[in-house]
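Here's a quick report on a few local features. Have the sequence and the model open as you read.

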Amino acid sequence: KQLRSLNILVSGNVPKGSGLSSSSAFVCGAAVSLLYSNLSSSEFSQALNATQVAAVCIACEREVGVMSGGMDQTACMTATRGYAKHITFVPALRATDVRLPPPSRVVWMVANCLLEHALQNENGTRNYNTRVVEC
């Protein structure tokens with residue numbers, strides 16, 4: 001089957017190198033877009049589950065040289081409002097919901113320290129890939 005090509009416009013305001021999983025979110029969004037545009041509705045709903053798409057996205061980032069650990073892609077694909085994820089990789093990729101306290105009892109904060117982590121250059125990618133292997 002000949003795959004349909006896509007023209008995708010991406011816009012956002014996540015600071016470059018801020019460590020907020022923007023590359024993983026982009027890869028996951030692109031994968032879902034390609035699947036959706038090339039499959040019928042019934043094929044799309046039966047093609048892959050969210051964890052399988054996450055596994056494909058992990059492989060895609062590794063193919064271009066980022067030895068991603070896989071938590072970002074798995075969280076992007078399997079997120080559920082009101083839950084955190086317990087993610088395991090052995091013996092197989094699995095994401096389990098962990099109920100969070102109600103918003104009235106906690107405050108979540110995401111902070112940007114303004115230090116860019118540089119996956120965009122050789123040193124940044126090498127250091128990141130080394131950390132992934134060490135874990």
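What follows covers the ground rules, the cysteines, a helix pair and one serine.

## Ground rules

This is a predicted model, in which local features need pLDDT of at least 70 and side-chain atom pairs count only at pLDDT 80 or more, while totals for chains, interfaces and linings use all residues. Residues are numbered from 1 along each chain as its sequence is written, and side-chain values use heavy atoms, with hydrogens and water left out.

## Cysteines without a bond

Searching the whole structure turns up zero disulfides (a disulfide being two cysteine sulfur atoms within 2.5 Å). Cys28 is in none, and its nearest cysteine sulfur, in Cys57, sits 3.9 Å away. For Cys76, the closest cysteine sulfur is that of Cys28 at 4.6 Å, too far for a bond.

Cys28 is buried at 3% relative accessible area, whereas Cys76 is partly exposed at 35% (buried is under 20%, exposed over 50%, partly exposed in between, with a 1.4 Å probe and protein chains only).

## Helix 3 against helix 4

The axes of helix 3 (residues 50-63) and helix 4 (residues 71-78) come within 8 Å and cross at roughly 145 degrees. Axes here are lines fitted to C-alpha atoms over the stretch in contact, with angles from 0 to 180 degrees between N-to-C directions; helices are DSSP runs (H or I, at least four residues) numbered from the N terminus.

## Ser37

Ser37 lies in helix 1 (residues 22-38) and counts as buried at 13% relative accessibility. Its side chain reaches the backbone oxygen of Leu34 at 3.2 Å.

How values were computed: Helices (H or I, at least four residues) and strands (E, at least two) are DSSP runs, numbered from the N terminus. A polar contact is a pair of N or O atoms within 3.5 Å; within protein, one must be able to donate a hydrogen and the other to accept it, and residues adjacent in sequence count only if both atoms are side-chain atoms.
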